[in-house]
Amino acid sequence: MLVPAAADTDLPGVSMIKPVHGLEPQLRENIESFFRQEYPRFEILFGADSEDDLALQIIREVGARYPHVESRIIVHGLPPWPNPQTYSLHSLAREAKYGVIVASDSDVEVAANYLREVVTPLLKPGIAMTTCLYRGKNVGDFWSNQTAMLMSVEEPAGALVANLLEGMKFGLGPTIAVRKEALEEIGGYEKFYDYSANDFILGNLIHKAGYRVVLSSHVIDHIVNQSTFKKMLQNQLRWRVTERYCRPKGYLGMGLIFAMPFGILGLLAAGFLGHWILGIALLVWAMVNRWIMAFAVGWAVLRDRPLLRKLWLYPTRDLLGFIVWCMSFGGTKIAWRSSRFELQGERMVPRKDAGEMP
């Protein structure tokens, strides 16, 4: 959403809340990007399970270089809720002193105008929440790149289509800016303490409360470093299984958006009938179709420059996406960090067989 620039005197104070959990790739750069905001009044609250969390030392070192930025660390203890991230956000939101809360993940990097662009839409009457598109920034290898392409093409494409057809009725996890009174009106974070997709549910409840949720024009970088196929698959399955429960009808239709499976099917069917040239043409068209989509979303919309250099790989991402989509119908078990859960509807229940991988 494009909005006119606002004067500093019109901008509300902002409390940025950010759960952290151990060391992550590029954590120092990520944290520092939030301290560099060109915004008149804001504070940053970091939440951790324990005082010995390794991320806290980096936060203290970065904070010492920006003494003019108010920042605090909240050690809230081990989460008693099934969703540990939601509990951390809840603990931080209670300490927030400003009327606008901006929640973000620890694995994102933002530009200096980030706060200004995500908060400005909230100045308009009726808008209580904004959220951001994001592009994957790969700092790993081939498997990391598969997830980075997912973030730079498939995920934003889905959000853009939803916004075009029905408007935003959900949030995107890497960044959510919400008016504090609207958050309290829907019951706060404790309202969905055991939901897997807290970003989706928060936006959905804000919408149902009669407020507008808008998509900001700001695009952030989501850092990706999944060094193994197993870790990549585990994360993508968690996202897809959760999405299947949140938007069951839309998720079922997602199977039709993949091009490579139909290209391969066309190749085999045409070959079986003796028309190999036609089959090869169908497969090539499927590949070209994926390259066009990746260019249109990843570059034209998100300006993901590294994606341009690896555009030729996107058909493999499309095929992998279809495989993960099929696998997501095979169960309800998900993994998050070192914890194991089972989804019962949209709710998370800790698994008794926690020692087993899904």
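**View A. Lys97 and its salt-bridge partner.** In this predicted model, Lys97 is partly exposed, with a relative accessible area of 47%. Its side chain meets that of Glu70 in a salt bridge, with a distance of 2.8 Å from N to O. Because Lys97 lies in the loop between helix H3 (84-95) and strand E4 (100-104), while Glu70 belongs to strand E3 (residues 70-75), the pair ties together parts that are 27 residues apart in sequence. Glu70 likewise counts as partly exposed, at 31% relative accessibility.

View B. Asp221 and Arg135 form a salt bridge in which the closest N and O atoms are 2.6 Å apart. Asp221 is placed in strand E8 (residues 212-224) and Arg135 in strand E6 (residues 127-138), so this pair ties together parts that are 86 residues apart in sequence. Asp221 counts as buried at 18% relative accessibility, and Arg135 is also buried, with a relative accessible area of 18%.

View C. The closest N and O atoms of the salt bridge between Arg317 and Glu154 are 2.6 Å apart. This pair links distant parts of the chain, with Arg317 in helix H13 and Glu154 in helix H5 (residues 142-166), 163 residues apart. Arg317 is buried, with a relative accessible area of 1%, and Glu154 counts as buried at 10% relative accessibility. Through salt bridges that share partners, Glu154, Glu155, Arg240, Glu243 and Arg317 are joined into one network. In the whole structure, 13 salt bridges are found.

**View D. A nonpolar patch on the surface.** Ile264, Leu268, Leu319, Ile323 and Met327 form this patch, and together they have about 390 Å² of accessible area. Helix H10 (260-272) and helix H13 (314-327) each supply at least two of the patch residues, and H13 gives the most, with 3 residues. Leu268, which is found in helix H10, counts as exposed at 52% relative accessibility.

**View E. A positive surface patch.** Arg303, Arg305, Arg309 and Lys310 make up this patch. Arg303 sits in the loop between helix H11 (276-301) and helix H12 (305-309), and this residue is partly exposed, with a relative accessible area of 48%.

View F. Counting pairs of cysteine sulfur atoms within 2.5 Å gives 0 disulfides. Of the cysteines in this view, Cys132 counts as buried at 0% relative accessibility, whereas Cys326 counts as partly exposed at 35% relative accessibility.

Definitions and conventions. Residues are numbered from 1 along each chain as its sequence is written. This is a predicted model: local features need pLDDT of at least 70, side-chain atom pairs count only at pLDDT 80 or more; totals for chains, interfaces and linings use all residues. Side-chain values use heavy atoms; hydrogens and water are left out. Patches are made of residues with over 30% relative accessible area and no salt bridge: like charges are joined within 9 Å, nonpolar side chains (Val, Leu, Ile, Met, Phe, Trp, Tyr) within 5 Å. Accessible areas come from the Shrake-Rupley method with a 1.4 Å probe; for residues, only the protein chains shown count as cover. A salt bridge is a side-chain nitrogen of Lys or Arg within 4 Å of a carboxyl oxygen of Asp or Glu. Lys and Arg count as positive and Asp and Glu as negative; His and the chain ends are not counted. The place of a charge is taken as NZ of Lys, CZ of Arg, CG of Asp or CD of Glu. Helices (H or I, at least four residues) and strands (E, at least two) are DSSP runs, numbered from the N terminus. Buried means under 20% relative accessible area, exposed over 50%, partly exposed in between (1.4 Å probe, protein chains only).
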